[in-house]
Amino acid sequence: MSILIKNAKIVDVKGTRKGSILIEDDKIVKIGDIREDEGDKIIDASDKLVIPGLINTHTHLSMTLFRGIADDLQLHKWLENYIWPLEKHLNEDYCYAGALLGCIEMIKSGTTAFNDMYFYMDSVAKAIEKCGLRAVISHGMIDLNNEDKMKKEIKESKRIVKKCHGMADGRISVALGPHSPYTCSEKLLKKTSKYANKNNLKIHIHVSETREEIKTIKERYGMRPFEYLDDIGFLGENVIAAHAVWLSEEEIKIIKNNNVKISHNPVSNMKLASGISPVSKMLDENITVSLGTDGAASNNNLDMLEEMKIAALLQKVHYLDPTKLSAKDVFAMATINGAKTLGINAGLIEVGKKADLVLINVKRCNLTPFRNPISHLVYSANGYNVTTVIVDGKILMEDNVVQVINEKEVMEIAENASDELLSKS
């Protein structure tokens, strides 16, 4: 089925223009003056912005079940005293329920693709396939220098690769997900890198999130985290490093020289008081920095429109310079930089790109008076303004109604799963 979006105000990092967009199958095939009879389905975008779908490059989708249960804590206390004990009771049904809820939340707030690391990832993949989103998924590996656990983690990752890579007509791809340098042995990291390079897979890892992590790695290896990862030959253009908060000048050079992709997670970093990533410095070095929400347990939502605003404001107050991280720069992080990070042919509205598009209603009080589209998207908009979402040329939500699944039923399933899970801890 072809879809014609008419009367559109098209906005991406290349600028704003008016026209119609014709979608055939999974791609944009024409932009400009288009006859209405060329589309099987007509969407009138009057009073709407059409933007590239937002791309969330770091999250833990099923952690929607943990939303609001362990707030106002430092990261290590949050993990060790609350999250890890809860995660011991996870199963495929819980992760499926949490993933369904996360998918609905993403659709309703304009995210079309994301990068997810967690557990029971074949169940997560099933939820993603059902909801129509695009994703890179990875099993989160932690071995704590235990040889037997390392073997189990690698075996599980390979199982997920074999089962899920290329699922949902190619919308789902699989990466490898070693949790971090402080929870993974050097042997696990090296095996991960070797397998990923051999099979052309991406690697998703947390790096340099807290000062405590820096201290731990320096005590173990006599180096900072990115120096250590560079020293063991782990880094490369396929590596997506989440957080990257505590960086030395030398580490920024290492990131640049290895073409590592960085996922910035400002809300989670602020909520856990982890620190402020030097995003502006990295962008000045032409490092690819994208944007992520982290999980709903440490954010506490998956709204990328909200994340853009906070990312911009955080750099400004950190450097005491209002020119840092402009609206256009942060919009690029959430769109084209996210696409580069995940290897998706999206992030811009151009002929030949994947038809991953979002319509934003500008006739809302929070976008009135309407002046500067990118400014409004970054500083004024939120998920409330999203009306229609298209992924791979298929409509997932139209006029604020999710088309792919019953939203109310998903919320009930997730609520029950969360209650049951919490009762076990």
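The model is predicted, so local features need pLDDT of at least 70 and side-chain atom pairs count only at pLDDT 80 or more, while totals for chains, interfaces and linings use all residues. Residues are numbered from 1 along each chain as its sequence is written, and side-chain values use heavy atoms, with hydrogens and water left out. Helices (H or I, at least four residues) and strands (E, at least two) are DSSP runs, numbered from the N terminus.

**The annotated span**

- An unreviewed UniProt entry carries the annotation "domain: Amidohydrolase-related" for residues 49-396; UniProt positions are in the numbering used here, feature names are shortened, and annotations may be inferred rather than shown by experiment.
- Residues 49-396 are 43% helix and 18% strand, and the end C-alpha atoms of the span lie 17 Å apart.

- Four strands form an open sheet in the order 11-12-13-14, with parallel pairing; two strands pair if DSSP finds at least two bridges between them.
- Strand 11 (203-207) and strand 14 are the edge strands, each pairing on one side only.
- On average, neighbouring strands of this sheet are turned by 30° against each other, direction ignored.
- Five bridges link strand 11 and strand 12 in the parallel sense, and H204 has I240 in strand 12 as its bridge partner.
- Strand 12 (residues 239-243) runs parallel to strand 13, with three bridges joining them; here I240 has K261 in strand 13 as its bridge partner.
- To get from strand 12 to strand 13, the chain passes through helix 8 (residues 249-257), and this β-α-β crossover is right-handed (with the strands pointing away from the viewer, the path from the first strand over the helix to the second runs clockwise).
- Strand 13 also runs parallel to strand 14 (residues 289-291), again with three bridges, and I262 stands opposite V289 in strand 14.
- What covers the picture for strand 13 (residues 261-264) is that both faces are covered: K261 and S263 on one side, and I262 and H264 on the other, are all buried (buried means under 20% relative accessible area, exposed over 50%, partly exposed in between, with a 1.4 Å probe and protein chains only).

- Strand 6 is mostly covered, with six of its six residues buried.
- Four bridges join strand 6 to strand 7 (residues 111-118), and the two run parallel; T59 has D116 in strand 7 as its bridge partner.
- D72 sits in the loop between strand 6 (54-59) and helix 1 (75-87), where D72 is exposed at a relative accessible area of 71%.
- From C-alpha to C-alpha, D72 and H58 are 21 Å apart in space and 14 residues apart in sequence.

**Two helix pairs**

- Helix 2 (residues 92-108) packs with helix 15 (residues 407-424) at an angle of about 135°, their axes 9 Å apart; axes are lines fitted to C-alpha atoms, for helices over the stretch in contact, and angles run from 0 to 180 degrees between N-to-C directions.
- That angle makes helix 2 oblique to helix 15, because angles under 35 degrees count as roughly parallel, over 145 as roughly antiparallel, 65 to 115 as roughly perpendicular and the rest as oblique.
- Helix 2 and helix 15 cross in a left-handed way (the near helix is turned anticlockwise from the far one by less than a right angle; right-handed if clockwise).
- Helix 11 (residues 304-319) and helix 12 (residues 327-334) pack at about 135° with axes 9 Å apart, which makes helix 11 oblique to helix 12; their crossing is right-handed.

**Backbone spots to look at**

- N299 and N300 are joined by a cis peptide bond, with omega about 20°; N300 is in the loop between strand 14 and helix 11.
- Another cis peptide bond runs from T368 to P369, with omega near 0°, and P369 lies in the loop between strand 15 (357-361) and helix 14.
- A168 is not a glycine, yet has a positive phi of about 55°; A168 is in the loop between helix 4 (147-164) and strand 9 (172-174) and is buried, at a relative accessible area of 8%.
- L320, in the loop between helix 11 and helix 12, has a positive phi near 50° and is exposed, at a relative accessible area of 73%.
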